[in-house]
Amino acid sequence: MEHNENNPLSSEELERYFSEDYLYFGDVVKTPEESDREAGAIWKLLSLRPGTPVLELGCGYGRIANRLAEKGARVTGLDISPILLKKAEADAAERRVNVEYVRGDMRSLPWRDRFDAALLWFTTFGYFDDAENERVLHEAACSLRKGGRLLIDHLNRFAWLRDKSATCEIVQRDDDLRIDIMNTDALTDRINWKRTVVRDGCVRRMRFSFRQYGFPEYDRMLRNAGFDAVEAHGQDGGAFTPYGPRIVVVAHK
């Protein structure tokens with residue numbers, strides 16, 4: 001039976017997407033300078049201080065988690081990809097920082113009332129159907145102590161729908177290519193991603209999909225998950241505008 005690309009991703013599909021190919025093009029997509037800037041913005045948005053216990057969900061290869069640890073936070077990173085976690089651990093060792101990396105599913109977290117802050121950065125929310133996306137928020141809330149903060153960085157749905165139809169993006173590293181074709185399904189509010197990687201003479205194809213939400217939906221879901229106040233910012237913590245590329249939501253428990 002043909003697979004419907006609008007279906008939320010399975011854990012196996014997530015692992016295939018966040019693979020060695022994802023890692024290989026990582027520093028081209030996000031330069032070290034961009035990662036430094038983003039870590040600084042996160043530090044301010046979450047009001048972090050040295051010693052603050054922080055959880056990053058979907059931490060990938062540690063580009064943010066390790067930088068927060070360098071600033072003095074006590075960081076735990078969770079991800080489903082063993083390949084990305086291995087790179088995160090190696091980078092932490094190179095930077096001489098101590099980060100607890102855990103392989104796991106953000107829909108089922110082992111921690112309760114442990115952290116003062118948590119984050120889902122760089123479109124690391126919306127992979128699943130609505131019920132399971134809300135479960136992620138509930139689990140994040142349960143992992144936070146009273147007074148904790150949750151940060152979500154995502155594409156600005158309003159701007160994306162206004163400016164985008166089918167879009168193609170190409171990333172090149174040396175002679176290797178990553179080709180992404182993205183489109184929005186208005187009936188499901190999901191962005192569907194078809195990726196082709198041409199690398200070392202081989203061609204690999206995979207898909208990715210995530211749900212978009214507007215701020216009223218974030219506000220409702222986060223309050224249902226146990227947060228008391230929800231605020232919106234723009235990219236890297238600037239003022240939110242309808243046509244800005246990102247929406248950054250900060251929720252207070």
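Predicted model: local features only at pLDDT ≥ 70, side-chain atom pairs only at ≥ 80, totals over all residues.
So, β10 and β11: these two strands run antiparallel, and five bridges join them, with β11 covering residues 246–252.

Okay, zooming out to the whole sheet. We've got seven strands in an open sheet, and the pairing is mixed. Reading across, the order goes β3-β2-β1-β4-β5-β11-β10. Which strands are the edges? That would be β3, residues 100–103, and β10, residues 229–233, each of which pairs on one side only. From one strand to the next, the twist averages 15°.

Now the helices. Helix α6, residues 82–95, packs on the sheet and touches β2 (74–79) as well as β3. The direction of α6 makes about 175° with that of β3. Then there's helix α7, residues 130–143, which lies across β1 (53–57), β4 (115–120) and β5 (144–155). Against β5, helix α7 runs at about 145°.

How many aromatic pairs does the structure hold? The count is 16. One of them is W111 with F115, an edge-to-face pair at 5.5 Å centre to centre, with 85° between the planes. Are those two residues buried or exposed? W111 is buried, since its relative accessible area is 8%, and F115 counts as buried too, at 1% relative accessibility.

The other pair I'd like to show you is Y127 with F208. Why is that one called edge-to-face? Because the planes of the two rings sit at 65°, and the cut-off for edge-to-face is over 60; the ring centres are 5.3 Å apart. What I like here is that the pair links distant parts of the chain. Y127 comes from the loop between β4 and α7, while F208 is in strand β9, residues 202–211, and the two are 81 residues apart. Both Y127 and F208 are buried.

Ring pairs link Y127 and F208 into a cluster with Y17, F18, Y22, F128, W193 and F210.

Technical notes. Residues numbered from 1 in each chain as written. Heavy atoms only, no water. Pairing = 2+ DSSP bridges. Helix = DSSP H or I, 4+ residues; strand = E, 2+ residues; numbered from the N terminus. Axes fitted to C-alpha atoms, helices over the stretch in contact; angles between N-to-C directions. Contact = heavy atoms within 4.5 Å. Phe/Tyr/Trp six-rings, centres within 6.5 Å; stacked < 30°, edge-to-face > 60°. Buried < 20%, exposed > 50% of the residue type's maximum accessible area, 1.4 Å probe, protein only.
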